[in-house]
Amino acid sequence: MSRSGINSTVYHGEVCLGDAEVFPTNNHAFPFPSNEIRISHLSPPSERCPPLSILQTISPFSVRCKVQAKSVTEESLLRRLYLSCFQEYKSAVVVVGKEELHLVAMPSKVEKVPCFWCCAVQAGLYASCLGMLNLRCLAIVFDLDETLIVANTMKSFEDRIEALSRRIDVEDDPVRVSGMSAELKRYIEDKDLLKQYIENDAVSDNGKLVGVQNEEVPGLPGSQERIVRPVIRLQERNIVLTRINPEIRDTSVFVRLRPAWEDLRSYLNAKGRKRFEVYVCTMAERDYALEMWRLLDPEAYLIGSRQLLDRVVCVKSGSRKSLQHVFQDAVCHPKMAMVIDDRLQVWDDKDQPRVHVVPAFTPYYAPQAEMANTVPVLCVARNVACNVRGGFFKEFDESLLRKIFELCYENDILDLPYAPDVSDYLMSEDTNVVPNSNKDVPISESMNGSEAERRLSPPVHLGDEQQMQHQAQTSLSSLDDELSVNRASANNRSCLDSETGQMTLLPSSLFIGVLQEIGRRCDCKVEFRSVIGSSKDLHFSVEVLFSTEKIGIGMGRTRKEAQLQAAENALRNLASDYLLRLYFVSISFGNAGNYVSFIAPNSGSTNRESDNSSLGTENGFLRDIINPVPDEPSRKDDLVGASTSEQMAQSNDSGGFSSVLSSIRELCLEGQNIVFRDQAPASVTLNKGEHYFQVELAGQILGKGVGLSREEAKLQAAEEALRTLKATHSSQRQISNSLRFSARGNLVF
């Protein structure tokens, strides 16, 4: 580190602690106004997480500067601050605008004075995530309609019954008529129950009369209003009838709760041990959403009454959901959160890797589908949440914390370890598969947000808008933007062997990074696509695609594990089957600015049938050019192949031409033909008695020659073509040397 630091004075409030030098990192501007480091407060002490581990998790590679105290005494205030932070896992916080700059006490191998790293993070985020990481707790965000519940009013029931009746009237297939009739019957039965509830505050359930129970709604913060709702709960049937506005019977709602909700609910907060902080993000109207959540969590077991307004987030219908909006008050970082939703595309692209997509809840269309599988849908979601939490904190404890404890003040910032992300352990479902074997869900089974907003009475739009699931986009480029560049830099640095210069493939990201680099050089999109499997062990399966061709597949208990295995297998397939054989090299020559494209010679391992096509980029690779056909052959001896080249060499008086032509043939693939043209283009002006020749391969001009005889012009063109081919192969070797695989699977740069 350069010793030309910026002199600054450190204050805690108005108390001067001493002087220090500030060394900005990575060309960051000096972060402290007026050369004064004014500490506003100390962060809460951590039970088990040193501050740097928290900051690296929620704001990776955000070290703005390093701060080193000038010579101090044992009893100096700055030293006391340093020891307090170091021993109690606290940081000293400087607030600058909407950011917090955390001074993290670092051990030093050399310096004998207090040393700090200064990391930037969004104001308030550190304190929120500190508590979660100490408790080994993540966040989970639920959608409501058709994910956890299906709710209907009298109006929506009537609309659905009318729509189904019209479909039955025009349907000729007796099997489909039978299915729709059974569905219609279920709608009519539930509508009759809702009608009884509206008119009598009681329903007849299998001959037993069940009356309402008045349930008091916990008061919201700042509200003095006492709300008591008449509710009927048919526990064995997962049915609840409620009234959004207790004074208006037309706001009565018939709600079906998704089976196995209690299993998932119990896992999230088992015996007082909070495993997940719970949030709701829905497109429904707020009063409706609050009541639906109260039915799911009547004892405020998951979300306390004081937290409801902040944790039940309502998004305008038609807008996209985002974790940034859910956590707008810096209560959690998106990389520490997972989502349970029946639709993927309603979420921002950057959040989609953190969404576990469940099949839509369809109790009317397919009432038996929910329990048809060995493991109910919400039990699968529970197991997925368990795996995500286990994977996240396993890496946090066994990798991140261990490496953080090894860092010192003198370390480079790129020595910081990779921080876990929920998306590493969560695989979004492949949404080409329609849930519950339902390929033609005729109508949405639950109210939409706009209906509840209009006091649950106007008609509901019945478009065929319910598409059960959507294509999961698992390309690596959709990972968190703030991590992509820094994370790759850190990984590359940490695994470089200084003696051999080899880059050992590490499990965290290099396999994937290598594939991306190959794709970039081939101008081809590398895509990771999930594959739906029926494994009871919840294995994730991932395919690697180059353009449209599958080149590798992997399986694992986590998304990260499956993705890593798929990337490794793809690299091995590339190394063995393709030998990284196809490169595109552009070489500029001549005043005309033409470009010639060539392909590296094949090792002989590829299928010859695939080599018979013209130049293209199918599957991300350039194919060999075999037997190109010239556009305008002017003479029989213009086309020089494996046989005609011998005749031309024999007919030429110059032994030099024969040697040049032989060298050209050695640099071309077997079956490739060299074309000699003696027709000068309009742009070339010849003097009297001069002859012109040009050499072509695959329609590209390799060389040109002008001479007083045909032989002289041919020789000149051939010599230039030979120089062009040699330059091409030299460039290919440089590319091959810059990216090659050893037999041990190591990547050498």
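Colleague: Before we start, what does "buried" mean here?

Modeller: A residue is buried when its relative accessible area is under 20%. Please also note that this is a predicted model.

Colleague: Is V312 buried or exposed, then?

Modeller: V312 has 0% relative accessibility, so this residue counts as buried.

Colleague: Where does V312 sit?

Modeller: V312 belongs to strand β20, which covers residues 312-314.

Colleague: And what does V312 touch?

Modeller: Setting aside residues up to four places away in sequence, V312 touches V280, R286, A289 and L290.

Colleague: Changing topic: how many residues has the largest nonpolar core?

Modeller: That core has 97 residues, and F142, M292, W293 and M338 have the most contacts inside it. Its largest share, 13 residues, is supplied by α10. Another core, of 23 residues, lies apart from it and includes L17 and V94.

Colleague: Which residues is W293 in contact with?

Modeller: Beyond its neighbours within four places in sequence, W293 contacts F142, L144, L148, W261, V278, V280, L302, I303 and L308.

Colleague: Back to α10: at what angle do α1 and α10 cross?

Modeller: The axes of α1 (residues 51-58) and α10 (residues 377-406) cross at roughly 125 degrees and come within 10 Å. The two helices are therefore oblique to each other, and their crossing is right-handed.

Colleague: Which residues make that contact?

Modeller: From α1 come L52, S53, Q56 and T57, and from α10 come F392, F396, L400, L401 and I404. By class, 6 are nonpolar, 3 are polar and none is charged.

Definitions and conventions:
Residues numbered from 1 in each chain as written. Predicted model: local features only at pLDDT ≥ 70, side-chain atom pairs only at ≥ 80, totals over all residues. Heavy atoms only, no water. Axes fitted to C-alpha atoms, helices over the stretch in contact; angles between N-to-C directions. Helix = DSSP H or I, 4+ residues; strand = E, 2+ residues; numbered from the N terminus. Parallel < 35°, antiparallel > 145°, perpendicular 65-115°, else oblique. Left-handed = near helix turned anticlockwise from the far one by under 90°. Contact = heavy atoms within 4.5 Å. Nonpolar A, V, L, I, M, F, W, Y, C, P; charged D, E, K, R; others polar. Core = buried A, V, L, I, M, F, W, Y, C linked by side-chain atoms within 4.5 Å. Buried < 20%, exposed > 50% of the residue type's maximum accessible area, 1.4 Å probe, protein only.
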